[in-house]
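Please keep the viewer open as you read.

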Amino acid sequence: MAKKQTEAKKQTEPAALQKKQAEQAARTRKQAEPAPKEKRKAESAAKEKKQAELTVRQKKQPAPAVKEKKQPAPAVKEKKQPAPVPREKKQSAPVPRERKQTSPASKLRVMMLGGLNEIGKNLAVLEYENDILIVDCGLGFPDDDMLGIDLVIPDISYLEKNADKIRGILLTHGHEDHIGAIPYVLRTINPPIYGTRLTLGILKNKLAEQKPPYKVQLNTVAAGDTVRLGAFSAEFIRVNHSIADACCIAITTPVGVVMHSGDFKIDVSPIDGEMMDLTRIGEYGREGVLLFMCESTNVGRPGHTPSERTIGASLNAIFMNNPEKRIIIATFSSNVHRVQQIINTSAKYGRKVAITGRSMLNVIGTAVELGYMKVPDKVLIDITEIGRYKPNQLTIVTTGSQGEPMSALYRMAFSDHNQVELSPGDLVVLSAHAIPGNEKLVGKIINEMYRRGVNVYHEEAEVHVSGHACQEEIKMFHALVRPQFFMPIHGEYSHLMQHKELAEYMGMPADRIFVCDIGQVLELDGSSCKRAGTVPAGRILVDGYGVGDVGNIVLRDRRHLALDGLIVVVATVDTDTRAVLSGPDIISRGFVYVRESEELMEEVRTVARDSLRGTLEDGVLEWTEIKQNIKDDLSKYLYTRTKRKPMILPVIMNV
Ligand SMILES: [Zn+2]
Ligand SMILES: [Zn+2]
């Protein structure tokens, strides 16, 4: 309906413009299907459109120039020409069957191998015929019950099986939950990696730590660049986030455009002056987006996320009100803009800035080197030089805002830092909210600092803003993209469902929204989206240098040991004579304090000895059975006596 109006009106326009618009309309038609949603939207928008038509057109005129610049994109559209034909047919008469006959395999498969129903280890996969594209490859952090586990990475067995199809990994930004798994997955797959300068700079640092035995193919892109990989072409588009140089990615596939938001917020007065490229996103929206994948982190929060710039004012107030104190600020190491503001404020108040903490030094070093930060002359000093300055001439920027044990702030609080000892002359600012799950750790540090008479600013002072979009910003993204189908990503189940509600509020029919789990496959052609089975997905646990060698059984043992401790029964037997030659001796760890429980330990020994003798006298010579009997008898006895179930480990030797 709306299209007819457009055409009718066009006749009054000058010929050249008409032609351009006809082309554009044709393109739009090719991409956007005559879905019921379009109709509905068209109807509701019809009135406004009539009025807006003229202004829109005038606005559109400069657009072709922009498009000229972005030559890669139209070229891709040229390539796509074979595809639109069946789609055109479909418009005149719905013959999906015929279409299937002409290209049965030509469906786009989209799946997440991480980042759904969990926070972290984000990894999206797009697959079309013989081409696979990966967006982000992050790590997650272990739950409380994963004892001793350092990191969690996605199960990529599906990618390993299809390694020859993978054309590349695209990175939206340099946060751990988006790039952290790369050093591990490169051990089995090694596709080229694409990301912006800062993202790849941080990744290079990480890879250097691991000293990988393989060659890494890093390709630097800038916002606005398009890369072509197999059947796909992907354009990186600027977004704002709590790290510099972040992008969302519009991926043109043979069946339509997939828009992946990455992590984003809309900051209209960003620190580096680069605002999210809403114009470009809107252009994709106007031409038709098939699938929108959008992050859900802050979908539960109404309103807008404040600009990073608001932190500047808070910092200024803190510095102004504490002229005598040494100021120590803990924040996320990757928040380059936050650190930039800390440096600016310090310089303004004549303070030197020292940086401590390995990841902070890494990221800030990279950012300064690549020109993402502007540091005034002689403001940065080495942490070893702080002794030369008075406390009120110093700002120290540190890691540890999440209370991480071994972080620089933790070591300061517990007198374990080589250069910094906290005292009542210090003001500590925690410029970060505790990530859910870290509250206890953060509380522990704060308590310890108060104990030392340190002045601490945390939640109550406005020294942190989120890097993620709140509801109004998410709505804006939806309104610009106007996708045919939508998949909320990056969030726990409640986030994903809230995001579904938001999309429905924005006018999307519920049956076009797909709340998925990791490994679930969505299959799309130009006009439909269906769930199509699953691929293997899950979490691989990383403990020290071991990747995936700690499974459920090991974790169960660790939990068992942690809860009730261990009892080892050592004995030597002669299976020929069926005699117990020595022992059984009882060793216990983490069960009871032996010196105060000698009586109990003596009883344990008696039970073990009786069990062993009884089994041997019964003629049992199978090692597993002998051991199992000792375990059963002992654990029964210990449970009635102590209500505890320690792990029991019999070690029986034969001579
Ligand atoms: Zn992020
Ligand atoms: Zn993230």
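This is a predicted model: local features need pLDDT of at least 70, side-chain atom pairs count only at pLDDT 80 or more; totals for chains, interfaces and linings use all residues.

Residues are numbered from 1 along each chain as its sequence is written, while chains are lettered from A and ligands numbered from 1 in the order in which they are written.

The chain has 22 helices and 26 strands, taken as DSSP runs (helices H or I, at least four residues; strands E, at least two) numbered from the N terminus. Of its 655 residues, 41% are buried, meaning that 20 or more other C-beta atoms, placed from the backbone, lie within 10 Å of a residue's own; exposed means 12 or fewer, and partly exposed lies in between.

The largest nonpolar core, with 137 residues, is a set of buried Ala, Val, Leu, Ile, Met, Phe, Trp, Tyr and Cys residues joined through C-beta atoms within 7 Å. Apart from it lies another core, of 15 residues, including Val604 and Val607.

Those two valines are also among the buried residues of H21.

| Face of H21 | Residues |
|---|---|
| Buried | Val604, Val607, Ala608, Ser611, Leu612, Thr615 |
| Exposed | Glu598, Glu599, Glu602, Thr606, Gly614, Glu617 |

Down the axis of H21, the buried residues fall within an arc of 130° and so line one face, the arc being that of the directions from the helix axis to the C-beta atoms. Glycine 619 follows H21, with a positive phi near 85°.
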